[in-house]
Amino acid sequence: MVDLAQNTIDGLMIGSSYGLLALGFTVIFGVMRRLNLSYGPSIMIGAYLGTFLYIQQGAGPLAVAGAVVVGSVLAGVYVERLCFAPMKAGAAIASMVSSFAIWMQLEQAAILVLPRHTYPFPPLSTALPLEFGPFLLRVDHLMMLACAVLLAFAVHGVLYRTRYGLGLRAIIGNPVAAHLVGIPVRRSVLIAFAGASAIGGVAGFLVLAVDQQVTPMFGMWATLKGLVAMMIGGLGSIPGALLGGLLLGVVEAQSQWYFGPQIRDLVAYLVLFAFLVMRPGGLLGEAPKVEIALPQGT
Amino acid sequence: MLELHRLTKHFGGVRAVDGVDLIVNPGEVLGLIGPNGSGKSTTVNLICGLFPLTSGLIMFKGEDISALPPHERVTRGIARTFQNIRLFGQLTVWQNLWVAQNSAEQRRQNPVRRWFGGGGSAREDIGRTLEFFDLAHKRDELAGNLAFGEQRRLEFARAFAAKPVLLLLDEPAAGMNAEEIDQLDARIRTLRDTGMAILLIEHHVELVMSVADRIAVLNFGQKIAEGSPAEVQNNPLVREAYLGTATAA
């Protein structure tokens with residue numbers, strides 16, 4: 001029973017980082033209805049910038065965090081300019097495929113610059129875990145959860161309480177009309193992209209500070225976790241992104257404890273599969289209305 | 001105000017608009033009519049920058065705006081409505097107007113207030129706009145939930161909220177009943193009398209004949225006639241273009 005509860009706590013903590021990754025994903029997908037596969041690799045570029053400063057200059061956690069966020073935003077803007085801005089409305093597949101190409105490019109670039117497989121990453125906090133009765137809580141885990149909740153509220157606030165957010169929602173509702181009532185659509189989308197990458201950068205820093213190491217595989221890992229959490233939580237829903245992340249974290253923690261690490265990912269994907277079949281919109285999202293064009297005649 | 005010089009747009013081999021010259025003056029309603037597919041909507045789309053010109057010039061207040069992106073044309077004072085309604089259905093009536101307010105004017109406001117809801121004068125403006133278009137009682141409703149006639153009014157109101165000096169109305173009367181058309185007629189006159197330039201595309205010939213100061217007729221992308229409503233009505237070319245359609249007044 002204590003194990004079950006402790007696993008749930010650990011799962012929620014790790015899940016909050018998945019939630020953060022999904023939050024950045026949701027901002028991009030919600031606004032543009034396009035999938036950015038380079039989302040994780042952009043964060044990885046930021047992480048490499050951070051670890052580079054750490055190894056070369058001995059930078060502290062705050063400076064590294066700043067470098068990760070700045071690096072992620074720069075890489076994210078690069079992806080937007082290259083894969084998303086030039087594509088016309090409706091060219092969602094072209095954007096996705098080109099973002100896959102940039103993923104490979106970013107990964108290879110990272111391997112070229114820092115060729116060893118693993119690099120150290122500075123810890124966020126070396127304080128001992130807090131004890132609550134039989135339960136243990138890691139301080140850096142708590143910071144991660146706090147960041148996730150705060151950023152989710154911040155994103156929600158920007159979207160629903162500011163003029164910029166209103167403009168974004170207008171763009172989501174009707175991009176053509178948004179152009180023609182004077183909303184600078186391209187600039188707004190670029191800002192949303194940069195913001196999403198910044199959220200991803202924060203998530204990446206927190207995850208890596210807990211792991212205390214970074215590899216080029218982190219890019220793929222971040223894209224996958226963010227994507228799965230977003231799909232479980234609901235496409236385009238901000239609270240959904242957070243909830244999906246937390247649920248994914250708990251499912252992983254429990255299955256790792258009871259079935260071992262090999263089975264853990266299998267269970268996570270089974271949960272995703274179950275959601276896709278039974279509730280394709282996820283926890284809080286609306287199922288996307290997909291019109292399937294059947295071939296004419298029989 | 002607005003001058004089109006040899007405006008031309010080809011889609012592949014189709015000459016949607018083919019060398020059209022037009023002038024719209026302040027305080028004037030120019031009616032633009034023609035059979036289906038004659039290039040009326042394309043002309044409006046070119047003026048507001050929805051797609052690039054093949055050739056020609058668009059002069060607005062003495063400046064060439066042919067290469068400007070749509071949102072900058074709005075900033076300079078060009079607003080439009082759509083033939084098929086394009087509101088922001090997920091936003092409320094009030095938000096639809098707020099998001100459309102002239103961004104040049106908004107930039108002069110304190111940036112913090114602009115982000116969080118705009119100054120008092122901006123709110124008063126929207127209130128007056130809602131009154132003028134008889135939508136005040138619906139201000140907190142989602143635009144997607146409005147009745148059809150109300151959505152048409154909101155389209156018009158949203159274009160007006162951008163404080164344009166040139167208003168492009170693309171079939172504003174489509175689907176309206178007689179009473180609504182009378183109200184529309186009155187609103188267009190009121191706006192014209194404030195000095196606004198209005199380009200009105202309309203199939204409803206009675207409305208155009210009643211409200212337009214001048215009328216230009218397009219057919220196959222070319223201007224075939226221009227003049228007062230009476231002159232256009234008696235023009236043999238126009239009668240020929242409309243032959244077989246009952247609306248040829």
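How many of the 249 residues of chain B count as buried? The share is 43%, where buried stands for 20 or more other C-beta atoms within 10 Å of a residue's own, exposed for 12 or fewer and partly exposed for anything in between, with C-beta atoms placed from the backbone. Welcome to this predicted model, in which local features need pLDDT of at least 70, side-chain atom pairs count only at pLDDT 80 or more, and totals for chains, interfaces and linings use all residues. Residues are numbered from 1 along each chain as its sequence is written, while chains are lettered from A and ligands numbered from 1 in the order in which they are written.

**Chain B at a glance**

- Chain B has 11 helices and 10 strands; these are DSSP runs numbered from the N terminus, with helices being H or I of at least four residues and strands E of at least two.
- Among contacts in chain B with a separation of 6 or more, 66% join residues 24 or more positions apart; a contact is a pair of residues whose C-beta atoms, placed from the backbone, lie within 7 Å.
- Helix 3 of chain B (residues 93-100) is largely enclosed by the rest of the structure, because 8 of its 8 residues are buried.
- The buried residues of helix 3 of chain B include B:Val93, B:Trp94, B:Leu97 and B:Trp98.
- B:Arg6 sits in strand 1 of chain B (residues 2-11), and it has a positive phi of about 45° although it is not a glycine.
- With 13 other C-beta atoms within 10 Å, B:Arg6 is partly exposed.

**The two domains of chain B**

- Between them, 7 residues of domain 1 of chain B are in contact with 8 residues of domain 2 of chain B.
- On the domain 1 side of chain B, the residues touching domain 2 are 4 nonpolar, 2 polar and 1 charged; Ala, Val, Leu, Ile, Met, Phe, Trp, Tyr, Cys and Pro count as nonpolar, Asp, Glu, Lys and Arg as charged, and the others, Gly among them, as polar.

**Where the chains meet**

- Here 19 residues of chain A are in contact with 22 residues of chain B.
- Helix 6 of chain A gives the largest share of chain A's side, 7 residues.
- The side of chain A that touches chain B has 10 nonpolar, 6 polar and 3 charged residues.

**A helix pair in chain A**

- Helix 3 (residues 61-84) and helix 4 (residues 92-113) of chain A pack at an angle of about 140°, with axes 9 Å apart; axes are lines fitted to C-alpha atoms, for helices over the stretch in contact, and angles run from 0 to 180 degrees between N-to-C directions.
- Helix 3 and helix 4 of chain A are therefore oblique to each other, since angles under 35 degrees count as roughly parallel, over 145 as roughly antiparallel, 65 to 115 as roughly perpendicular and the rest as oblique.
- Residues making this contact include A:Ala75 and A:Val79 of helix 3 of chain A and A:Ile102 and A:Leu106 of helix 4 of chain A.
- The residues of this contact divide into 7 nonpolar, 3 polar and no charged.

**Two residues of chain A to find**

- A:Gln212 lies in the loop between helix 8 (185-211) and strand 4 (213-214) of chain A, and it has a positive phi of about 60° although it is not a glycine.
- A:Met143 is found in helix 5 of chain A (residues 139-161) and is partly exposed, with 17 other C-beta atoms within 10 Å.
- Leaving aside neighbours within four places in sequence, A:Met143 is in contact with A:Leu124 and A:Ser125.
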